[in-house]
Amino acid sequence: MSQTDKARDLTYTQNRELSWLKFNMRVLQEAQDVTVPLMERLRFISIFTSNLDEFFMVRVGSLYDLSQVTPKVRDNKSGKTPAQQLELIFQAVRPMIQYRDRIYLDLCKDLEKKGVQDIPYDQLQNRDKTYVQDYYKNYIRPLLSPQIIDRSHPFPHLKNKALYAAALLRDKDKELLGIVGVPESVPPILFLPGDHAKFVRTETILQAHLKKIFKIYHVTQQSIISVTRNADISYDEEKFDEDSPDVLEHMSKLLRQRERLVPVRLEMQGEAEQLKLLLEEKLKLSQAQTYVCQCPLNLKYVYQVTACDKSLFYPPHEPAYPAYLDRGQPLWDQFLQQDTLLFYPYESMQPFLDLLKQSAVDPKVLSIQITIYRLASNSAVAKALCTAAEHGKAVTVLVELRARFDEQNNINWAQELEEAGCKIIYGADGFKCHSKICLITRRGKGDKLNYLTQVGTGNYNEKTAALYTDFSLLTSDPVIAEDAVNFFQNMLLGDLYGTYQKLLVAPASMKETLLRLIDGEIARGNKGHIIIKCNSLTERDLIDQLARASQAGVKVELIVRGICCLLPGIAGRTDNITVTSIVGRFLEHSRVYCFGDGELRQMYISSADLMTRNQTRRVEIACPVESGPIKQWLSGYLDLLLRDNVKARRLLPTGDYIDVYTPGAERISAQEYFFHHLPERAPVRSGKSKWKQLFHRGRPHI
């Protein structure tokens, strides 16, 4: 910890890992909300579980590395060493797992009444039992590779998050360990004949046959197990492999290394104490790192259970194609005439996709430049870029290969884009490119060049655009276009510290500008007003600056979905700060920064959270919102989020969240409102067209 960090005031901050765990509890609480359909509640348990898996792989893995390399370094929000943080994490997770298991078992009872049932093997009857036995014999048994562990058979490598059946075996007076993997090529569940709502999990079938699998031994204890490994590959710190011909091969080697990293957690379904102790010894894990669960260890199968009562799911949602756009007219002309803000997932990503497709074959379009962080596996964006290159456009794609857990998908697309003729560049060493920007250049009248710049808060991924709340701003502003031109040229040269007129770009200018904008509100004292919506807040300098704003009387309203290391309501420190967290059907993913009120309000949408990594170790962009109608609408949008009392929770000075609903009050759900109310704007028919009134005089109201 630096001298500056040693002097940090820890009275109004909390540890980021413990804050994240409390956020994930918010996700789990959705599984208890009786207004949420039953199958959706089960899916929230699955989301909670997969979130926790990734947390152990990345955050716990990172802390494990720190505990080995720099054991005395202290977190600048809590003053804890890596080992102390790990101890607190392990303690905090255990009751969460027990809480999840109780909710899961209660949900299973409720779902069984609706005909949805995960059948235990010993409850299978007659033809169902015969059907499952035949399935095991024909489709599972031939794929099994059971193994015993003794002097002649070393302990096998257990793949990260794969499922295994483990058994404690006895051979006369000798005790052995037996392990057999659940075949990954077999579907995770088997639906019973004629009923696609009743099923048996594959690991259940395998476990029921363990005595036959290890037939020459006596099975004394057994369990389904899963090992979580450290998946925090330090790409930026890895020395480039000189034997690798290029960065793609280097990344591929790093991905193969991920599977061999050390275990950080053992999960077991069902009690088996002796087996647990033996596995802990073999894996070199402590009891604190082992979690015995009643819930299945992998819940991703729940997304395959769809052929049941539709009332068990959310009503279908199809993102709307904006009525203010004329699908029969070229989108370039419509976007060129006025700034447009697309609002995912309530509005469709299709207008942007259509713009790319039209630009790909438009003879007047000269170039397309875009940054890629995450793409869908069957990406319409990538296909349009390939088409553009094949039609002779100069297509430049900055592909970030280090997008965690999407690395292989991005490697595949980078190769395909390059084969189509696109110019591919990669993020700079030590700095992931997380920005979302696209620049399209087109020849206009008299050979004048016209530009459209798109800046988003979310990825160019059609799948997540239907699930995450994000904004996509399209503008013909010439200054923003000039900034975009400079941005891509700087990225081609590896210049991370270029200068820009309107765009805020990290690591060059974003953090410094945000600090200066907060300073501007501090100068206004109790007339100052700051609203920031983001996913996470961990950046210590920005936290301290917001605390100073509070002490100056500035009203600070933070909408932070996940990690928030700033504790609001601390007397004399953060008592003018509120923190609201919204977790609902859609993932709140957009980032919006607001400073001041009225016509002078400065507003930005951004790809960046207020985290140290986003502000100092990533390439990020924040774009000013300068259209009066869009600013007015976004102000109303933020106002409604702050008034939400259904899915919103308020962060307390203790770090806990409380429900903000007051019995008898009108129930306000921002997501439910936007589900039914979209912006009303006049279709673009001439250069003089303006947006109509938005959401009743620009402010959503219930």
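Visitor: Where does S590 lie?

Guide: In this predicted model, S590 sits in the loop between β22 (587–588) and β23 (591–595).

Visitor: Buried or exposed?

Guide: S590 is buried, because its relative accessible area is 1% and the cut-off for buried is under 20%.

Visitor: Which side chain does the side chain of S590 make a polar contact with?

Guide: That of Y637, at 3.5 Å. Apart from neighbours within four places in sequence, the residues in contact with S590 are T457, T469, D470, F471, K533, C534 and Y637.

Visitor: Switching topic. How many Å³ of space in the second largest pocket?

Guide: About 610 Å³. The second largest pocket is lined by 27 residues, and Y104, D118, P120, R201 and Q269 are the closest to its centre.

Visitor: Which elements give two or more residues to that lining?

Guide: They are α4 (82–113), β1 (117–118), β6 (195–201), α6 (202–208) and β7 (218–229). The largest share, six residues, comes from α4.

Visitor: And the lining by class, what is it?

Guide: The lining of the second largest pocket has 13 nonpolar, eight polar and six charged residues.

Visitor: What is the mean pLDDT of the chain?

Guide: The mean is 91, with 92% of residues at 70 or more.

Visitor: Where does pLDDT stay under 50?

Guide: One such stretch is residues 235–245, which has 23 contacts beyond four places in sequence in the model. Residues 682–702 are also below 50, and that stretch has 63 contacts beyond near neighbours in sequence.

Note on methods
Residues are numbered from 1 along each chain as its sequence is written. This is a predicted model: local features need pLDDT of at least 70, side-chain atom pairs count only at pLDDT 80 or more; totals for chains, interfaces and linings use all residues. Side-chain values use heavy atoms; hydrogens and water are left out. On a 1 Å grid over the protein atoms alone, a cavity is a set of points where a 1.4 Å probe fits but cannot get out, and a pocket is an open set with protein on both sides within 12 Å along at least five of seven lines; lining residues have an atom within 4 Å of a point. Grid points are joined across faces, edges and corners, and a volume is the space filled by probe spheres set on the points. Helices (H or I, at least four residues) and strands (E, at least two) are DSSP runs, numbered from the N terminus. Ala, Val, Leu, Ile, Met, Phe, Trp, Tyr, Cys and Pro count as nonpolar, Asp, Glu, Lys and Arg as charged, and the others, Gly among them, as polar. Buried means under 20% relative accessible area, exposed over 50%, partly exposed in between (1.4 Å probe, protein chains only). A polar contact is a pair of N or O atoms within 3.5 Å; within protein, one must be able to donate a hydrogen and the other to accept it, and residues adjacent in sequence count only if both atoms are side-chain atoms. Contact means heavy atoms within 4.5 Å. pLDDT is the predictor's confidence in each residue, from 0 to 100.
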